[in-house]
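Work through the exercises below with the sequence and the 3D structure at hand. Each task is followed by a solution in steps.

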Amino acid sequence: MLKKSKNIHPLSDVKSKKIGQGTKIWQFAVVLKNASIGKNCNICAHAFIEDDVIIGNNVTIKSGVFIWDGITIENNVFIGPNVTFVNDKYPRSKKWKDPEKIIIKEGASIGANSTISSGITIGSNAMIGMGSVVTKDISNNTLVFGNPAKVHGEVDIDGKDENDR
């Protein structure tokens with residue numbers, strides 16, 4: 001069993017040994033043994049991280065987020081509370097197939113309660129507004145929101161659009 005550090009809450013279930021220095025994992029989070037989590041991340045309460053997952057450095061994953069097999073999250077990404085990832089477009093009970101990949105590029109932010117479909121890439125520094133349903137790839141520095149998510153402008157590295165600069 002992995003020894004709990006001061007950064008891993010004793011009420012979490014962390015099996016992975018691939019967790020970077022300075023990463024904090026809060027209570028009731030579950031991290032399976034083959035997951036890889038970078039340095040200085042914040043994994044909030046009630047998060048679940050499956051085996052075939054790669055998470056970069058300085059990533060924040062808020063409460064109620066489940067990161068399924070096949071998901072890669074690059075550095076400096078923010079994932080808001082209760083974001084839902086879908087890694088199978090055609091799910092059926094007891095009929096497992098390889099998960100479709102999802103890639104979240106460096107610096108992207110995904111707002112609370114958004115749903116991210118399988119097989120897509122969210123570009124660097126993209127901003128996904130809360131409650132959005134993302135069914136297509138999102139380009140770098142793009143602001144999207146809605147159901148389905150539609151482009152509403154561009155954002156800079158700080159997430160500001162042309163009206164905020």
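The exercises cover aromatic pairs, the nonpolar core and salt bridges.

This is a predicted model, in which local features need pLDDT of at least 70 and side-chain atom pairs count only at pLDDT 80 or more, while totals for chains, interfaces and linings use all residues. Residues are numbered from 1 along each chain as its sequence is written, and side-chain values use heavy atoms, with hydrogens and water left out.

**Exercise 1. Classify the pair formed by the rings of Phe-48 and Phe-66, and locate both residues.**

Step 1. Apply the rule: rings of Phe, Tyr and Trp (its six-membered ring) pair if their centres lie within 6.5 Å; planes under 30 degrees apart count as stacked, over 60 as edge-to-face and the rest as tilted. The count by this rule is three aromatic pairs.

Step 2. For Phe-48 and Phe-66 the centres are 6.2 Å apart and the planes make 85°, an edge-to-face pair.

Step 3. Phe-48 lies in strand 7 (residues 48–49) and Phe-66 in strand 10 (residues 66–67), so the pair links distant parts of the chain, 18 residues apart. Strands here (E, at least two residues), like helices (H or I, at least four), are DSSP runs numbered from the N terminus.

Step 4. Buried means under 20% relative accessible area, exposed over 50%, and partly exposed in between (1.4 Å probe, protein chains only). Phe-48, at 21%, is therefore partly exposed, and Phe-66 is partly exposed at 38%.

**Exercise 2. Why is the pair of Phe-48 and Trp-68 classed as it is?**

Step 1. The ring centres of Phe-48 and Trp-68 are 5.6 Å apart and the planes are at 55°, so the pair is tilted.

Step 2. Trp-68 sits in the loop between strand 10 and strand 11 (71–73), 20 residues from Phe-48 in strand 7. Its relative accessibility of 26% makes Trp-68 partly exposed.

Step 3. Phe-48, Phe-66 and Trp-68 form one aromatic cluster.

**Exercise 3. Which residues have the most contacts inside the largest nonpolar core?**

Step 1. A nonpolar core is a set of buried Ala, Val, Leu, Ile, Met, Phe, Trp, Tyr and Cys residues joined through side-chain atoms within 4.5 Å.

Step 2. The largest such core has 36 residues, and Ile-61, Ile-73, Phe-85 and Ile-122 have the most contacts inside it. Strand 8 (53–55), strand 11 and strand 14 (102–104) are the elements that give two or more residues to this core.

Step 1. A salt bridge is a side-chain nitrogen of Lys or Arg within 4 Å of a carboxyl oxygen of Asp or Glu. The search finds four.

Step 2. Lys-101 and Asp-52 meet at 3.6 Å, N to O. Lys-101 is in the loop between strand 13 (84–85) and strand 14, and Asp-52 is in the loop between strand 7 and strand 8, 49 residues apart. Lys-101 is partly exposed at 49%, as is Asp-52 at 39%.

Step 3. Another of the salt bridges joins Glu-74 and Lys-105 (3.6 Å, N to O). Glu-74 is in the loop between strand 11 and strand 12 (78–79), and Lys-105 is in the loop between strand 14 and strand 15 (109–110).
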